[in-house]
Amino acid sequence: ETKYLSVDNLGENQRNCPQLMQAALWIKENEVVAFPTETVYGLGGNAQNDEAITKIFQAKGRPSDNPLIVHIAKYEQLEGLVSEVSPTARKLMDAFWPGPLTLIMPKGEHVAHQVTAGLSTVGVRMPDHPVALALIEEANLPIAAPSANRSGRPSPTTAQHVYHDLKGAIPAIVDGGATGVGVESTVVDCSGDVVAILRPGGVTKEQLEAVVDNVMMDPGLVDQKQAPKSPGMKYTHYAPDAPLRLVDGSFAFLQHLVDKDRAEGKKVGVLSTEETKDHYHADVVIPCGQRAQVATVAHHLYDALRAFNETDVDVIYSEVFPKAGVGLAIMNRLEKSAGGVILREE
Ligand code: TXA
Ligand code: MG
């Protein structure tokens, strides 16, 4: 049975909280526990222990060639985890840690083999969440943690999302309420002269550019013919049960697509925003944040995608968003849900 361990997200005395002590003990005993970060919930295990890492892959049903991110609470934990910190990596840590930025660095000797899926590099981040930081400090170990969803599903932004996907497969979920950012961390490779974004996320390209000179997108993210450098980006991901179709056009164009499907007897859902929801007539319309504040769209995105699974829609049409700021991460996830296809108005 999977237990909820409730913690007060904002409590001052987290280190004395018995639920957190229990979770830390499980991590030390090479069990796996889900916990909140500022981005999404992670499924954590001892990054130095193969048995713990195997349990993570099994619980998620994750392909074994997809490496995990290691979470630390203090800089000393980089010791043995990475073999080298480049000047660019140091600059980025200073600017964005703790925060939603994962740095790919040459791996050190104390990393369980499966964490990196055989790669010579390891992804590391310091999360900006009091519960995550307290858990890592209490366990006194670097914690490897992928998002705590079943492989292929949208990442969990609440403890209930984790429960839905992993009940019975893990001993416990540390419940610290809904996460803040709502999409995962930005993954960057900073081993060379340029900083390459392997996965857009909570730290925006614009924010990175304010700190380092050369920031580029991994060509594999923009060109369908090239393999992405982040193994996770090649899988179908973030998908609700019903097929999702991205629509770039007017309200009338999207409505026309809805009407055609409904005329054929299909149940149709629309993923909109608070500002635009009243423009559509469909079986289900789920607004996802406010267009005028794109961070709110990121915050609600995975909950909205999951909400369609509680309905009986056969197909979902979604609006698109400008690829600026966190909009880049939102569109990356929506394009993955849609299998890369965008329906454009002539
Ligand atoms: O916000 C986040 O990053 C969340 C929270 C829990 O920290 N974690 C997360 O982990 O999203 P996961 O496993 O769902 O995604 C990790 C991504 C995958 O696309 C994986 O392929 C990539 O990071 N990755 C990990 N290590 C890598 C490496 N050494 N080289 C290239 N990509 C790597
Ligand atoms: Mg994931």
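Visitor: What covers the buried residues of helix 1?

Guide: A residue is buried if 20 or more other C-beta atoms, placed from the backbone, lie within 10 Å of its own. Contact is C-beta atoms within 7 Å, and helices (H or I, at least four residues) and strands (E, at least two) are DSSP runs numbered from the N terminus. Here the cover includes helix 4, strand 1 (3-6), strand 2 (33-35) and strand 8 (172-175). This is a predicted model, where local features need pLDDT of at least 70 and side-chain atom pairs 80 or more, while totals for chains, interfaces and linings use all residues. Residues are numbered from 1 along each chain as its sequence is written, with chains lettered from A and ligands numbered from 1 in the order written.

Visitor: Which residues of helix 1 are buried?

Guide: An α-helix has 3.6 residues a turn, so residues three or four places apart point the same way. In helix 1 (residues 18-28), the buried ones are Leu20, Ala23, Ala24, Trp26 and Ile27. They sit on the same side of helix 1 because they cover an arc of only 155°, taken from the directions from the helix axis to the C-beta atoms.

Visitor: How many residues does the largest nonpolar core have?

Guide: Nonpolar side chains tend to be buried together in soluble globular proteins. A core is a set of buried Ala, Val, Leu, Ile, Met, Phe, Trp, Tyr and Cys joined through C-beta atoms within 7 Å. The largest has 68 residues, with Ala23 and Val70 among those with the most contacts inside it. Helix 4 (residues 130-139) gives the largest share, six residues. Another core, of 33 residues, lies apart and includes Val268 and Ile286.

Notes:
A residue is buried if 20 or more other C-beta atoms lie within 10 Å of its own, exposed if 12 or fewer, and partly exposed in between; C-beta atoms are placed from the backbone. Two residues are in contact if their C-beta atoms, placed from the backbone, lie within 7 Å.
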